[in-house]
Amino acid sequence: MLTGFYSAATALNRAQEHHELVAFNLAHAAVPGYRQRLEASATFESQFDQALAASTGNQERYGARRSGVFVDTTPGPIEFTGAPLDLAIRGSGFFVVEGPEGPLYTRSGSLALNAARELVTSSGYPLLGAGGRITLPENTAAITVLHDGTVLADGQAVGQIRLVEIRDPRALEPVGATLFRAPPGVVGDANDSSVIQGYRENSNVDMVGELIQLITGLRHFEAAQRALHVLSDSLQLQTRPNA
């Protein structure tokens, strides 16, 4: 009986976690460069066995838990904006930005100039090129970005945007909505990616699919809640003192 309570309680917890993840995806569906989050579930027993590496087999372990959250690296739709500092990547590459604790990676190419005339992301982090930060001279009238990432200021090269590929997308760790951290061992040069100027990549959130997931998660929560009520009523009947 009590194991049923535990199973239903973990189902409620999983439904709540799923709801929060789907809501997060929907809230960022209009954010350029956002990568949809996915998740996987596993039984508590399988996770417990993996943690211990060897199980005695005589312990009661019930319910389910989240086994991981993953980043969907599928490219999102590319939209023409005409803005010279809007950049998109054709291919699987990522831009490299200078984070407070090391390099970060993003697909969001909505750039701007800071007070030092450096190319920065919407979060204010400097975009990195092959030689470091990319700075534009004063009074630059025309900014051109070639497909190989070379940045021209009035026709003069001032830097080349660095693109990298993440060999194992499962290693991506979200840092906010559009930035990611990854171990150095899975980061390499993106030789098959190119930059296109005047475009931006929108989020890859599947709105219809996420709305369906929202409804499905609600149904799972309601089913687990009903199971708890049934178990509670049954326990009361079994423990009621005889008149």
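This is a predicted model: local features need pLDDT of at least 70, side-chain atom pairs count only at pLDDT 80 or more; totals for chains, interfaces and linings use all residues.
Student: Which residues does Leu119 touch?

Tutor: Residues up to four places away in sequence are not counted here. With that understood, Leu119 touches Leu85, Ala112, Leu113, Tyr125, Pro126, Leu127, Ile134, Leu136 and Val151.

Student: Where is Val145 found, and is Val145 buried or exposed?

Tutor: Val145 is found in strand E11. With a relative accessibility of 9%, Val145 counts as buried, because buried means under 20%. Leaving out residues up to four places away in sequence, Val145 touches Leu87, Thr150, Val151, Ile161, Val195 and Gln197.

Student: In which sense do strand E12 and strand E13 pair?

Tutor: Strand E12 (residues 150–153) pairs with strand E13 (residues 156–160) in the antiparallel sense, over four bridges. As an example of residues facing one another, Leu152 stands opposite Ala157 in E13. In a regular strand the side chains alternate between the two faces of the sheet.

Student: Which residue takes a positive phi in the hairpin of E12 and E13?

Tutor: Most residues other than glycine have a negative phi. In this hairpin, which has two residues between the strands, Asp154 takes a positive phi near 55°. Asp154 is not a glycine, and its place is in the loop between E12 and E13. Its relative accessible area of 42% makes Asp154 partly exposed.

Student: What is the phi of Arg117, and where does Arg117 lie?

Tutor: Arg117 is not a glycine, yet it has a positive phi of about 60°. Arg117 lies in the loop between strand E7 (112–113) and strand E8 (119–120). With a relative accessible area of 18%, Arg117 is buried, whereas Asp154 is partly exposed.

Student: How many aromatic pairs are there?

Tutor: The count comes to three aromatic pairs. A pair of aromatic rings is described by the distance of the centres and the angle of the planes. Phe80 and Tyr199 form an edge-to-face pair, with 5.1 Å centre to centre and 65° between the planes. Phe80 lies in strand E3 (residues 78–80) and Tyr199 in strand E19 (residues 199–201), so this pair ties together parts that are 119 residues apart in sequence. Phe80 counts as exposed at 56% relative accessibility, while Tyr199 is partly exposed, with a relative accessible area of 31%.

Student: What does the side chain of Arg35 reach?

Tutor: Arg35 is found in the loop between helix H1 (2–27) and strand E1 (37–43). Its side chain reaches the backbone oxygen of Thr74 at 3.0 Å. A polar contact of 3.0 Å also joins the side chains of Arg35 and Glu201. Arg35 is buried, with a relative accessible area of 1%. Beyond its neighbours within four places in sequence, Arg35 is in contact with several residues, among them Val71, Asp72, Arg107, Phe180 and Asn202.

Student: How many helices and strands are there in the protein?

Tutor: The protein has three helices and 19 strands. Of its 243 residues, 37% are buried. Among the contacts with a separation of 6 or more, 65% are between residues 24 or more positions apart. The accessible surface comes to about 13,300 Å², of which 54% belongs to carbon and sulfur atoms.

Conventions. Residues are numbered from 1 along each chain as its sequence is written. Side-chain values use heavy atoms; hydrogens and water are left out. Two strands pair if DSSP finds at least two bridges between them. Contact means heavy atoms within 4.5 Å. Rings of Phe, Tyr and Trp (its six-membered ring) pair if their centres lie within 6.5 Å; planes under 30 degrees apart count as stacked, over 60 as edge-to-face and the rest as tilted. Buried means under 20% relative accessible area, exposed over 50%, partly exposed in between (1.4 Å probe, protein chains only). Accessible areas come from the Shrake-Rupley method with a 1.4 Å probe; for residues, only the protein chains shown count as cover. A polar contact is a pair of N or O atoms within 3.5 Å; within protein, one must be able to donate a hydrogen and the other to accept it, and residues adjacent in sequence count only if both atoms are side-chain atoms.
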